[in-house]
Every structure is written in structure tokens, then in C-alpha cells.
Amino acid sequence: MELKGTTIVAVKRDGVTAIAGDGQVTMGQQAIMKAHAKKVRRLYHDRVVVGFAGSVADAFTLCERFEAKLEMHGGALKRAAIALTQDWRSDKVMRQLEAMMIVADKDDLLILSGTGEVIEPDDDIAAIGSGGLYALAAAKAMKQHTDMSAEEIAAEAMAIAQSICIFTNGNINVEVIRP
């Protein structure tokens, strides 16, 4: 049985990046298996934050491989991201992994996918997962029309997403990277 379902949103404002994620893990379309999963975590000496959506086991595998790439490239986020997505796209086993990741350090915010994309969002807002589009729309509106901090926008965008998406809950975890 496939375990998945989540929302991750990241906002960069005034040099501060916040990545927020909910805690819900669902089994298929029928059942909530866990309500307090931690899908946003720090890597590489707490200098990189990763949020993941998709199959839980696949996401953990990708996080481990990404951390190895960070170590290999001395913490260079973009180089590690490109190396991971090249492996993810070309390796026969990795190609089967069903997940997406948002990764950030003090300088960069990126979305990584198994089809080889390393996307740097134009507006410093990124979102993935089942409620990703709801969180993205909410974060864009708040960033354009308020003076809220990156952390406040990420948390509120998650609250809005969880009020709409049945695969997103209110157990929100936010990690912040400051310059």
C-alpha cells in the first residue's frame, strides 16, 4: 500500500527562508496513518532545509541521497541538487521513486523532481504536494499584499491549504533559515 499525502510550502522574503509542511500521512485515499509526521527537516550541519512530498519511503531515500550529495559537494546546494536529479532521472531504481522536494539554504530555494527538474521559482515561493497549489496561491497573495514575514506567510499558507485539502492537516512544522 502506498503511503502519501502532504503539503509543503516555502517562502523567501528579506533574506529569510521558511519552509512549512503538515504532518499527515495517508494510506491511499481511505485512511490517515499518521498525523504528526515531520516532513520538513534540516540537513548538512543545519544549513539546508528540505521539505518532501510523495511516497514516504521514497522521500526518505531521496533525503538520504541528497544529504550524501551535499557532503560530496561541500554543502553547495545547487551542485548537490543537480547531481541528485541527474541520478534520480537516469538510475533505473531511483527513477521509480515517487516524491518531490523543496530544498533551501541561505542563498537558494529550489524544487527538485524525478524527471530531472531543478526549478528556482521566480517569485521566491514554492509549493508541492496535494495541497501545494492552495498553499502557493495563498502565499503569493500574502507576499504581494501584506508585510508578513516569510515564516508567518508559510504558516498561514499551510493553514489555508489544510482548510481546503483533505490530505493536509493542521500539524504544521516550520523551519527557518536566516542569513
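**Figure 1. Aspartate 107 and lysine 106, a salt bridge in the predicted model.** In this predicted model, the side chain of aspartate 107 forms a salt bridge with that of lysine 106, and the closest N and O atoms of the pair are 3.2 Å apart. Aspartate 107 is partly exposed, with a relative accessible area of 45%, and lysine 106 is likewise partly exposed, with a value of 49%.

**Figure 2. Aspartate 108 and lysine 78, a salt bridge between distant parts of the chain.** Aspartate 108 forms a salt bridge with lysine 78, and here the closest N and O atoms are 3.6 Å apart. The two partners are 30 residues apart: aspartate 108 sits in the loop between strand 8 (99-104) and strand 9 (109-113), whereas lysine 78 belongs to helix 2 (residues 77-90). Aspartate 108 is buried, with a relative accessible area of 14%, while lysine 78 is partly exposed, with a relative accessible area of 37%.

**Figure 3. Lysine 140 and aspartate 123, a salt bridge between a helix and a loop.** The side chains of lysine 140 and aspartate 123 meet in a salt bridge, with a distance of 2.3 Å from N to O. This pair also links distant parts of the chain, since lysine 140 lies in helix 3 (residues 132-145) and aspartate 123 lies in the loop between strand 10 (118-119) and strand 11 (125-129), 17 residues apart. Lysine 140 counts as partly exposed at 32% relative accessibility, and aspartate 123 is partly exposed as well, at 27%. Elsewhere in the model, salt bridges that share partners join Lys38, Arg42 and Glu175 into one network. The count for the model comes to 9 salt bridges.

Figure 4. Aspartate 124 has a positive phi of about 60°, although it is not a glycine. The residue lies in the loop between strand 10 and strand 11, and at 29% relative accessibility aspartate 124 counts as partly exposed. Aspartate 14 also has a positive phi, near 55°, and this residue too is something other than glycine. Its place is in the loop between strand 2 (7-13) and strand 3 (16-21), where aspartate 14 is exposed, with a relative accessible area of 72%.

Figure 5. When its neighbours within four places in sequence are left aside, methionine 94 is in contact with Leu62, Arg65, Leu84, Asp87 and Trp88.

Figure 6. Aspartate 46 has its place in the loop between strand 6 (40-43) and strand 7 (48-54), and the residue is exposed, with a relative accessible area of 52%. Although aspartate 46 and arginine 178 are 132 residues apart in sequence, their C-alpha atoms are 11 Å apart in space.

**Figure 7. The whole chain, as a setting for the close-up views.** The protein chain has 4 helices and 12 strands, and its C-alpha trace spans about 40 × 40 × 25 Å along the principal axes. With 179 residues, a compact globule would have a radius of gyration near 16 Å, and the 15 Å of this chain agrees with that expectation. Buried residues make up 51% of the 179 residues. Among contacts with a separation of 6 or more, residues 24 or more positions apart account for 60%. The chain exposes about 8,500 Å², of which carbon and sulfur atoms supply 51%. There are 20 positive and 24 negative side chains, and the centres of these two sets lie 4 Å apart.

Conventions: Residues are numbered from 1 along each chain as its sequence is written. This is a predicted model: local features need pLDDT of at least 70, side-chain atom pairs count only at pLDDT 80 or more; totals for chains, interfaces and linings use all residues. Side-chain values use heavy atoms; hydrogens and water are left out. A salt bridge is a side-chain nitrogen of Lys or Arg within 4 Å of a carboxyl oxygen of Asp or Glu. Helices (H or I, at least four residues) and strands (E, at least two) are DSSP runs, numbered from the N terminus. Buried means under 20% relative accessible area, exposed over 50%, partly exposed in between (1.4 Å probe, protein chains only). The radius of gyration is taken over C-alpha atoms; the globule rule is 2.2 Å times the number of residues to the power 0.38. Contact means heavy atoms within 4.5 Å. Accessible areas come from the Shrake-Rupley method with a 1.4 Å probe; for residues, only the protein chains shown count as cover. Lys and Arg count as positive and Asp and Glu as negative; His and the chain ends are not counted. The place of a charge is taken as NZ of Lys, CZ of Arg, CG of Asp or CD of Glu.
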